[in-house]
Amino acid sequence: MTEKEQALLIDFGSTYTKLTAVDLGRAEVIGTAKAPTTVQEDIMIGLENAMRRLKEDYGVDPGRCGRRIACSSAAGGLKMVAVGLVPDLTAEAAKRAALGAGARVLSVLSYELTREEIERMEALKPDIVLLAGGTDGGNRDVILANAGRLAQSSLNVPMVVAGNKNAADAVKDVLIEAGKDVRITGNVMPELGKLNVEPARVTIRSVFMERIVAAKGLKRAENFVEGVVMPTPAAVLAAAELIAKGVPGEPGLGELMIIDIGGATTDVHSVATGDPTKPGVTPKGLPEPYAKRTVEGDLGMRYSALSLVEAAGVERVAKGIGQAGQAGLGGRKGLEDLEGREGLDEERIRSIAQDLNRHTDKVPVTEEEYQIDTGLGYVATEMAVERHVGYLETVYTPFGASYLQYGKDLTKLECVIGTGGVVIYGRNPRLVLQGALFDQAKPDLLKPITPKFFLDAKYILSAVGLLAEIAPATALRVMKRYLAEI
Amino acid sequence: MEQKTIVLGVIGADVHAVGNKILEQAFREAGFKVVNLGVLVSQEEFISAAIETAAEVIAVSSLYGHGEIDCRGLRDKCRESGLNNILLYVGGYLVVGKQDWKETEKKFKDMGFDRVYPPGTLPQEAITDLRRDLGLEAGA
């Protein structure tokens, strides 16, 4: 017998298979459990291990949960290559569509693909290729030429075509002729400067469910769950949209940002229009998606600790760690910043990063380790948000200064939610998230000025995104219950 | 017949928005597809837009006297970007003060513009030229 009133939400992560069981009637989390993901041998082993724990620890019988759905970032996540025409226009639009669908974007290519680029794509082994180029009625030649080259390539993966609609038929014919799996969808940029990522997102998601789940060895799980319905990042983005917008009868929190600081990447999601908040500012560049996701592959706490130091520079990292020390972390022997010159010189920073990079499963134990993690988390947040938000450019005209805004103005944003180990299990999550704040020294970067900070205390954002598929109002209530203001 | 596309905008650090809207309206009513980039448009933005939309014409306005500096090199960049046959039109207060129009026109034609219009030109004049240059029948 199953309990219609219980839902089991599964996240097949790259390292852990995580379960969240929810009592739908009471909108309550009744248990969480995790076990190492076993995608190499049989995905079910890890899932069954986690389910056993759920039963032992919480008395929840997963077999009796009436609803069971899953998301996945196992086996490398959803890997995509995006192809467009002009880098700032359709190539950028294609990239945003792929990111919004929860993909890991391995490469973004523009103009006519060269032989070398095709070879690189073949080596990257993407799960899906997104092919865009040209506005509707605009350039047809380049997307057609690229379809021809993809047709001749050894890439045997689904190709989602989201370019000039007047070239779509010809593109389809060329690819089908070569035996490729082709899906035609709406142009990511039907008119110049108009972004239209939703159709591509929907198509990518259906390809994910039809083809990628099986290709990743997750098919067996589908005997047990109703479906592996989306990549994990897409679930987080879905949760972000739900929390921001609310549902009829249950208001959301309004425009917000979610920062997910992981071992390999730092993801930033913003659900906000990002319209200029100051008068006399002209928006420029490609419009931004209302629900926008950026992924920083070089900013992370473990796998990407070295590249984080590389990207931020030793000084900035030292400052971050020093700041965590000033906030009371690190104990009496805490590490000072570079100016303090106490134990935190360049060599020390590099060896810390190397150590974290080598021991990716390291969990902080000592005061000093907490201080380091907090400092690194702060820097990762700071840089990821800097790259996510828009910026102002001042143009001096004969009539005085004019301002151009590229990207989203998030200065008035009121809600920042943090997730990921360093904020959930760390000692000072607020300090980490303060990396998202507006910086007087960089007034052109449109970061939030006075937001409230919240914590995804039970680590349930992706589960909430999944639950939104079947019971959005309940999902929202569950999320609100466990969001902790800090 | 297929609609011809015009990329329209005010170049440089120029914020004059009114004439731009009037031109957009006039070109659209004349049956063209207009991609209006608005004010404060850089050469690169004109070119990128023309590539994606496969435009036949780039129509540049400049009304603050710095047109010469802003427009210099646009033809070369078009060629460099593969826009070999694109028509370049320019109009407005292209230079400061009362300079001889013939000279100004020659200056801009030497820079690679196909049509150069002095202040006070009515949109209809440009539309007639567009039809002629694009091989469209008059009144089509």
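This is a predicted model: local features need pLDDT of at least 70, side-chain atom pairs count only at pLDDT 80 or more; totals for chains, interfaces and linings use all residues.
View 1. Helices here are DSSP runs of H or I with at least four residues, strands are runs of E with at least two, and both are numbered from the N terminus. Angles run from 0 to 180 degrees between N-to-C directions, with axes fitted to C-alpha atoms, for helices over the stretch in contact; contact means C-beta atoms, placed from the backbone, within 7 Å.

**View 2. Two strands side by side.** Strands β13 (residues 256-261) and β14 (residues 266-271) of chain A pair in the antiparallel sense over six bridges; pairing takes at least two DSSP bridges. Look for D260(A), which stands opposite D267(A) in β14(A).

**View 3. The whole sheet.** Zoom out and you get an open sheet of six strands with mixed pairing, in the order β16-β14-β13-β19-β20-β21 (chain A). The edges belong to β16 (291-296) and β21 (483-485) of chain A; each has a single partner strand, so one side of each lacks a neighbour in the sheet. On average, neighbouring strands of this sheet are turned by 20° against each other, direction ignored.

**Reading the labels.** Residues count from 1 along each chain as its sequence is written, while chains are lettered from A and ligands numbered from 1 in the order in which they are written. Local features need pLDDT of at least 70, side-chain atom pairs count only at pLDDT 80 or more, and totals for chains, interfaces and linings use all residues.
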